[in-house]
Each structure stands twice: as structure tokens, then as C-alpha cells.
Amino acid sequence: MSLSARLQALKREIVDIKQKSLLSQTLPIILGASKQQPDHVIEEAIEAGLSVFGENRVQEAEAKWPSLRKHHPNVQLHLIGPLQTNKVKQALALFDIIQTIDRPALAEAIARIRDSGFGIEGKQFYIQVNTGKEPQKAGVFPEDAEALIYQCRQLQLPLTGLMCIPPLHQPPAPHFALLRQLAVTHGLSELSMGMSEDYPTAIRMGSTCIRLGRALFGERETK
Ligand SMILES: *Cc1c(COP(=O)(O)O)cnc(C)c1O
């Protein structure tokens, strides 16, 4: 199946899932998780109508996206991987949305760069929540999320959503439910949840952004 055919099939499936759901009928956006994808594949996805992409690494994004963006100014780019404080300025220059705020020092670093005169108009930030409390995984623990949300608001960062990556070998639904509950409690409208293995569940549970790698681009080469 071509990338374009896969994208069309995914869009039909999303509509179908939504029609059977009791939650809001607003469709989630499809974010193309384009790590390791070469420019020509990304171009093909853009031609097929995909307009939102996510990258995991600042360095990889910096190599790929400045020229892609020049040719496709309407594409929106999200950071979906961990961010080191010494890469904040580069990340702010590259990404429209940073989904992975996960600690106070990072929020402070962003605010500091904004205060030094670096414009962040139009940018949005999500907090990544480590719903499974996995030690090797990024994200703030659920019990610390509230404090981080307050801090971001205190620093006047435009915080609009939450993101999670559930543990690999667990049913994802409880994790999505926890993320959604946190978002509702704190008045955050965006819920970035659902990947190739679990996006139907995520959509049923109110995802506003599904992050698809393999379901869209096919298997990644293992390096
Ligand atoms: C790679 C990646 C995805 C997409 O993963 P697939 O399982 O290939 O759909 C989504 N979110 C994040 C944070 C990723 O790193």
C-alpha cells in the first residue's frame, strides 16, 4: 500500500472510530512521527496531505527540517522526544510545539530564553507525563504533574496539553484515562496519546493528536 493510501485508510478509520464514540466528535490530528525518515518520504507524506510532523531529536530535526520547511511553510513541527536544557534555543527555533516539558529546570530554561528576547509567539507547550512511572522513560510522574503545570503557568508559558507514552507491555487504556483525567482537571485541551499499536484505543479515549510512525511510514530500519 502506498503512503497516500495508508493515510486515506487511517483517516477513514479515525472517522469510523469517532462515530462510535460518545466523546466529542472532533477528530484528532495525525502527527507523522518522521524520525529516521528521509526527506523524500516526508515530501511524499506532505503531497498526500499530511501537515503535522514530529521529531524525536533536535539534532536530526535540525538536519532535515529547515530546508523542508522552506518548501512547505504550512507544515507544523512538534518535538516529541526528550529535550536537554542546552538545546532549548535550537528547539524553540525549530519547533512549533514542544510536547515534552517534563521537569522544572526545562520550563525555567524556556522562560529564561523567552525573557532574553527570543520570541515564542504562536508556540505551544505540552507536559509529558510518565504515566507508568518507568525509571528509564522521560516524563514527570503523575503526582508531580500538578506542580509542573502550575509552574509553567506561573512562568506564562503557553501550556495547552499533555502527552504520554504508556509502558510497552501493558494495556494502554488506564494510562490514557489517567492522562485525560489530569488534562480535564487542569483545563488543558490537547491530549497527545496513541501510537501505531494503540491509536484506536487512544482515539476512543479522547486523543487530540495521534503520533504515527510505522502505521503511516512502514517499519523503521533498525540501526
Ligand atoms: C517513534 C515515536 C512514535 C511513533 O511510533 P510508532 O510506534 O512507529 O507509531 C510516537 N511517539 C513518539 C514519542 C515516538 O518516539
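User: Which residue in β3 is the bridge partner of Glu 55?

Analyst: Quick heads-up before we start: this is a predicted model. Strand β2 covers residues 52–55, and β2 pairs with strand β3, residues 76–79, in the parallel sense over four bridges. Look along β3 for the bridge partner of Glu 55, and you land on Leu 79.

User: And which residue in β2 is the bridge partner of Gly 32?

Analyst: Here we turn to strand β1, residues 29–33, which pairs with β2 in the parallel sense over two bridges. In β2, the partner of Gly 32 is Phe 53.

User: Which helix sits in the β-α-β unit with β2 and β3?

Analyst: This unit is right-handed, with β2 and β3 as its strands. The helix that goes with them spans residues 58–71, and its name is α3.

User: Are the residues of β2 buried or exposed?

Analyst: In a regular strand, side chains alternate between the two faces of the sheet, so it's worth checking each side. On one side of β2 you find Val 52 and Gly 54, and on the other Phe 53 and Glu 55. Both faces are covered, and all four residues named are buried.

User: Why does Ile 17 count as buried?

Analyst: Ile 17 has its place in helix α1, residues 3–19. The cut-off for buried is under 20% relative accessible area. Ile 17 counts as buried because its relative accessibility is 9%.

User: How much of the ligand's accessible area does the protein cover?

Analyst: There are 13 residues around the ligand, with Lys 35 and Asn 56 among the closest. A ligand oxygen lies 2.5 Å from an N or O atom in the Ser 196 side chain, and one is 2.8 Å from a polar backbone atom of Gly 213. Arg 214 has a polar side-chain atom 2.5 Å from a ligand oxygen. Of the 380 Å² of accessible area that the ligand has on its own, the protein covers 94%.

Methods:
Residues are numbered from 1 along each chain as its sequence is written. This is a predicted model: local features need pLDDT of at least 70, side-chain atom pairs count only at pLDDT 80 or more; totals for chains, interfaces and linings use all residues. Side-chain values use heavy atoms; hydrogens and water are left out. Buried means under 20% relative accessible area, exposed over 50%, partly exposed in between (1.4 Å probe, protein chains only). Two strands pair if DSSP finds at least two bridges between them. A crossover is right-handed if, with the strands pointing away from the viewer, the path from the first strand over the helix to the second runs clockwise. A residue is near a molecule or strand if one of its heavy atoms lies within 4 Å of it. A polar contact is a pair of N or O atoms within 3.5 Å; within protein, one must be able to donate a hydrogen and the other to accept it, and residues adjacent in sequence count only if both atoms are side-chain atoms. Accessible areas come from the Shrake-Rupley method with a 1.4 Å probe; for residues, only the protein chains shown count as cover.
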